[in-house]
Amino acid sequence: MAKKWEADPEASFARRLGKSSLELGQTSGNTGCPDMWELDNGDVAVIGADLTASYEGRLPDDVRIDPGERLVIIPRATILAAKADIPDA
């Protein structure tokens, strides 16, 4: 059986994936900014709107949100801008 993945709270931000929210025109720079970052251990940090409570009652049957996890929504433009920075394998 595979070991359960756990986030490493000691990992550091290594590089932005895609463009900043300011570059994408999603923020004026004065408020929260959706973003994606690769961490130095290869994991990815996502900054977005926490909509866990809004989606809890309508998740697909095979989707679970464990305690300590949050469902985060980011704009489509953020993930599309990051696509070139995400390896295929």
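**View 1. Charges of the chain in the predicted model.** The mean position of the 10 positive charges and that of the 16 negative charges of the chain lie 6 Å apart, where Lys and Arg count as positive and Asp and Glu as negative, with His and the chain ends not counted, and where each charge is placed at NZ of Lys, CZ of Arg, CG of Asp or CD of Glu. This is a predicted model, in which local features need pLDDT of at least 70 and side-chain atom pairs count only at pLDDT 80 or more, whereas totals for chains, interfaces and linings use all residues. Residues are numbered from 1 along each chain as its sequence is written, and side-chain values use heavy atoms, with hydrogens and water left out.

**View 2. Order of the elements along the chain.** Two helices and five strands make up the elements of the chain, helices being DSSP runs of H or I with at least four residues and strands runs of E with at least two, numbered from the N terminus. Starting at the N terminus, they follow the order β-β-β-β-α-β-α.

**View 3. The open, antiparallel sheet.** Three strands, in the order β1-β2-β3, form an open sheet with antiparallel pairing, two strands being paired if DSSP finds at least two bridges between them. Because β1 (13-16) and β3 (44-47) stand at the edges with a single partner strand each, one side of each is left without a neighbour in the sheet.

**View 4. Pairing of β1 with β2.** Strand β2 (residues 35-39) runs antiparallel to β1 and is joined to β1 by three bridges; Arg15 has Glu38 in β2 as its bridge partner.
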